[in-house]
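Try each task before you read its solution.

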There are 2 protein chains.
Amino acid sequence: MPSSIENKRIRKSPASRRAEIVAAASVVALAEGLERITLRRIADELSVRPGLISHYFPAVEDLVAEAYGSAADAEIEELLPADRADSTPTEHLARFLRLTTGEAYDDISRLWLNARHLSRYRPALRERVAEQENAWRDRLLALVREGVELGEFRTEDPLVSSIQIMVVLDGLGMLVNGTSLDNDPPEIRRLPLTTAERVLGLPFGTLSDTNTNTDTAD
Amino acid sequence: MPSSIENKRIRKSPASRRAEIVAAASVVALAEGLERITLRRIADELSVRPGLISHYFPAVEDLVAEAYGSAADAEIEELLPADRADSTPTEHLARFLRLTTGEAYDDISRLWLNARHLSRYRPALRERVAEQENAWRDRLLALVREGVELGEFRTEDPLVSSIQIMVVLDGLGMLVNGTSLDNDPPEIRRLPLTTAERVLGLPFGTLSDTNTNTDTAD
DNA sequence: GATGCTATTGAGTGTGCGACCAACAAGCAA
DNA sequence: TTGCTTGTTGGTCGCACACTCAATAGCATC
């Protein structure tokens, strides 16, 4: 009698169902873009009916903002964790910059580009983007300050230095949907590295030569 | 008998009608975004029927790409004209950087952000963005080379220097839809200036102090 | 002023979207 | 086992979109 397709209702607690919806939405956001988050799409993803998504998120815009925030939260913890464990600020920064130039970072770049554009039309998302911007900047700023205190970095204004690094990262991220970066000179790819070295008073090559073998085996 | 609303047909030559459509679309693109370019929207703008837009642009995507290209073409001529007339490369560059930090540049920043994100989904647009990217880079590169030849600028690699300036401009442009740049330190706003001065071997302050009174009265 | 070319209209098709809500049933508590 | 709370369904509504095409009418030409 039961066909091969499962249509039995599964009843979950509001908290876990909600988390499940946000998780599914953030996967879609990273892989296909924030505008692909629709009631029907997420419902299909979870094999439930669209009305259920509406029940948890009466306005889709709130789900979009939540999905973005969730993805961005996960990424900051992956790329720039607050606890740098036993690595030095230099090592930690080098690791961050290495990850941000890898292929895997393209999805994140796309997400940021997506969110920054879409926040033009969606206030809830704009709010979330602002929060994330602060979180990333504060995280980097804290690292820079530690480096300065430990004598590894040298800068007059840690905040300005942090923002300078982020601006260059953003500028390169703008190109993520373009037709290959490979025709650009190699100096451009290394721009975040050289920028960080310059604004933090590090000798040229310090960050790219720094070995970070604490995680993420290559 | 004729009501106050004009519904009389006006028959135009294909060339001028097409140009009119592209012009209307590029106005909408600049003011409201590329996704607001729809058959109905542009038709309303010109007081014609949607079918007419379809007649000239069987696929809307092509109109979007055209509208973006048209707007970007107009902007490059305004901001970075090929003929710098009697101004020196330094003056010309200073003028460019001054214009790109003005309020009026926000619409252009938004358009670029918009186009770069949207080209993720629209191949025709992606193509146009690549063309525009080349045009802007080549324009700036030519200026840098002239400056080097005339002994005003000093750089080992004019191409890398040009791209570095563009990357910083793009990076700041990413923030255009955010909640006010005013809480950032003033050094950030001046980043394109200081970057250009640094990569072109100009004394600090050269570009901001350079008086460019040839046009655009403030 | 009549004619013919074609720019333009008007009407319609199908798709996908967010939102709404009465009815249903899962699974906990009594 | 029974009952009840509430998570979930299924169906629907209205809207906006791109795209199609036969019919219409502006206007240049003769």
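**Exercise 1. Find which helices of chain A and chain B each supply at least two residues of the surface near DNA strand D.**

Step 1. Helices are DSSP runs of H or I with at least four residues, strands are runs of E with at least two, and both are numbered from the N terminus.

Step 2. Keep the conventions in mind. This is a predicted model, in which local features need pLDDT of at least 70 and side-chain atom pairs count only at pLDDT 80 or more, while totals for chains, interfaces and linings use all residues. Residues are numbered from 1 along each chain as its sequence is written, and chains are lettered from A and ligands numbered from 1 in the order in which they are written.

Step 3. Collect the helices: chain A contributes through helix 1 (14–32) and helix 3, and chain B through helix 2 (39–46) and helix 3.

Step 4. Look at the residues themselves. DNA strand D is surrounded by 26 residues, and A:V48, A:G51, B:R9, B:R11 and B:T38 are the closest. By class there are ten nonpolar, six polar and ten charged residues. Here Ala, Val, Leu, Ile, Met, Phe, Trp, Tyr, Cys and Pro count as nonpolar, Asp, Glu, Lys and Arg as charged, and the others, Gly among them, as polar.

**Exercise 2. Repeat the analysis for DNA strand C: which residues come nearest?**

Step 1. Of the 25 residues around DNA strand C, the nearest are A:R9, A:T38, A:G51, B:V48 and B:G51.

Step 2. At least two residues each come from helix 2 (39–46) and helix 3 (50–56) of chain A, and from helix 1 (14–32) and helix 3 (50–56) of chain B.

Step 3. The surface near DNA strand C divides into ten nonpolar, five polar and ten charged residues.

Step 4. Compare with the record: an unreviewed UniProt entry annotates residues 38–57 of chain A as "DNA-binding region". UniProt positions follow the numbering used here, feature names are shortened, and annotations may be inferred rather than shown by experiment. This span is 75% helix and 0% strand, with its end C-alpha atoms 11 Å apart.

**Exercise 3. Work out what rotation superposes chain B on chain A.**

Step 1. Superpose the copies by least squares on the C-alpha atoms of residues with pLDDT of at least 70 in both.

Step 2. Check the contact surface, where two residues are in contact if their C-beta atoms, placed from the backbone, lie within 7 Å. The same surface serves both copies, since 100% of the contact residues of chain B recur in chain A.

Step 3. Locate the axis: B:G171 is the residue of chain B that comes closest to it, at 1.8 Å (C-alpha).

**Exercise 4. Describe the side of chain B that touches chain A: which elements give two or more residues?**

Step 1. Each chain is counted separately: 30 residues come from chain B and 30 residues from chain A.

Step 2. In chain B, helix 6 (105–118), helix 7 (123–149), helix 8 (158–173) and helix 9 (186–189) give two or more residues. Helix 8 of chain B has the largest share, nine residues.

Step 3. Sorted by class, this side has 13 nonpolar, nine polar and eight charged residues.

**Exercise 5. Decide whether B:P158 is buried or exposed.**

Step 1. Apply the cut-offs: buried means 20 or more other C-beta atoms within 10 Å of a residue's own, exposed means 12 or fewer, and partly exposed lies in between, with C-beta atoms placed from the backbone.

Step 2. B:P158 is buried, because 21 other C-beta atoms lie within 10 Å. B:P158 belongs to helix 8 of chain B.

Step 3. List the partners of B:P158: beyond neighbours within four places in sequence, they are B:L141, B:V144, B:R145 and B:V148.

Step 4. For contrast, take B:S47, in the loop between helix 2 and helix 3 of chain B. B:S47 counts as exposed because it has 10 C-beta neighbours inside 10 Å. Its phi is positive, about 55°, although B:S47 is not a glycine.

Key: A residue is near a molecule or strand if its C-beta atom, placed from the backbone, lies within 6 Å of it.
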